Amino acid sequence: MAAIVTGLIPILRTAVDSTATYKGRTMWFGLLCIRLVTVFLAQFPWKTLNDDFHCNTTSSYCIKACFNRHFDNSVVMAWHFLFILLVLSVLLMELFSSHLRSSFQKKKEREMESQSKQEAVSDPTMTVGGRMMIDFHKSKSSVMVYLFSIVLRIAVEVLFVYVLLSWVLPKLNEQFFICNGQAFDCPTELKCVVRGAAEKRMSVYALLFISALVIITSGLFCLYSIGHYLCNG
């Protein structure tokens, strides 16, 4: 439990303490927190995967060999890696907003030095409640970066769904499967089974639900941003 609290603290602190914001920012960080909690809970049934794998032999070597052949792709580490990619997709917009805030501050400093209150360049930010708000109506480049971060988030979630459906679920059949042990000097046919397959499938379904939620939400935000900021000018 300490690991999840440690992971949530910097995400929540970044979402609250930032001096710059943009439309949907709180929701993106909220979805990141939900994703982190879901991954943390979903990995519990997989912690005993080595002990849950059984074959009709007493040779530990043959069991481990069949285990490596059956689970030929990483499971939990793939989830963690894709979560890092999701964080990077949100961090992209955070870096861009930080760049705009820095540019805005430098512009104000130049105004104070020149004692001029008018600038020819349009300011793509506005202040709301003491925090700098990116105004997408004034900056098309900001909209494009925002859309790119959303599309990147959708791409990562689609990849995550592919990993779950192609790498994980096919390995969780309730019936036994045949392991050919001739390649590693074991009996020709070993019958192996994964114990607790129902719990492991339920954890995968939970991850699929969160991915579907993020994909739908991101898709709607992408369509809204295109229609509201680009098509309507």
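Author: A definition to start with: a disulfide is a pair of cysteine sulfur atoms within 2.5 Å. The model here is a predicted one.

Reader: ok, how many disulfides does a search of the whole structure find?

Author: The search turns up three disulfides.

Reader: What about Cys66, which residue does a disulfide join it to?

Author: Cys66 is joined to Cys179, with an S to S distance of 2.2 Å. The torsion about that S-S bond is -95°, and the link of Cys66 and Cys179 is left-handed. Cys66 lies in helix 4 and Cys179 in strand 5, so the bond ties together parts that are 113 residues apart in sequence.

Reader: Are those two buried or exposed?

Author: Cys66 has 1% relative accessibility and therefore counts as buried. Cys179 is buried too, with a relative accessible area of 2%. The cut-off for buried is under 20%.

Reader: Next one. What does Cys62 pair with?

Author: A disulfide joins Cys62 to Cys186, S to S 2.0 Å. This pair links distant parts of the chain: Cys62 sits in helix 4 (residues 60–70), while Cys186 is in the loop between strand 5 (177–180) and strand 6, 124 residues apart.

Reader: Then Cys55. Where's its partner?

Author: Cys55 is joined to Cys192, with S to S 1.9 Å. Cys55 belongs to strand 2 (residues 53–55) and Cys192 to strand 6 (residues 189–194), distant parts of the chain that are 137 residues apart. Both Cys55 and Cys192 are buried.

Reader: Why is the disulfide of Cys55 and Cys192 called right-handed?

Author: Because the torsion about its S-S bond is about 105°.

Reader: If I number the bonded cysteines in sequence order, what is the pairing?

Author: The pairing is 1-6, 2-5, 3-4.

Reader: Changing topic: Cys33 and Cys222. Buried or exposed?

Author: Cys33 is buried, with a relative accessible area of 11%. Cys222 is buried as well, at 12%. Both values fall in the buried class because that class means under 20% relative accessible area.

Methods. Residues are numbered from 1 along each chain as its sequence is written. This is a predicted model: local features need pLDDT of at least 70, side-chain atom pairs count only at pLDDT 80 or more; totals for chains, interfaces and linings use all residues. Side-chain values use heavy atoms; hydrogens and water are left out. Helices (H or I, at least four residues) and strands (E, at least two) are DSSP runs, numbered from the N terminus. Buried means under 20% relative accessible area, exposed over 50%, partly exposed in between (1.4 Å probe, protein chains only).
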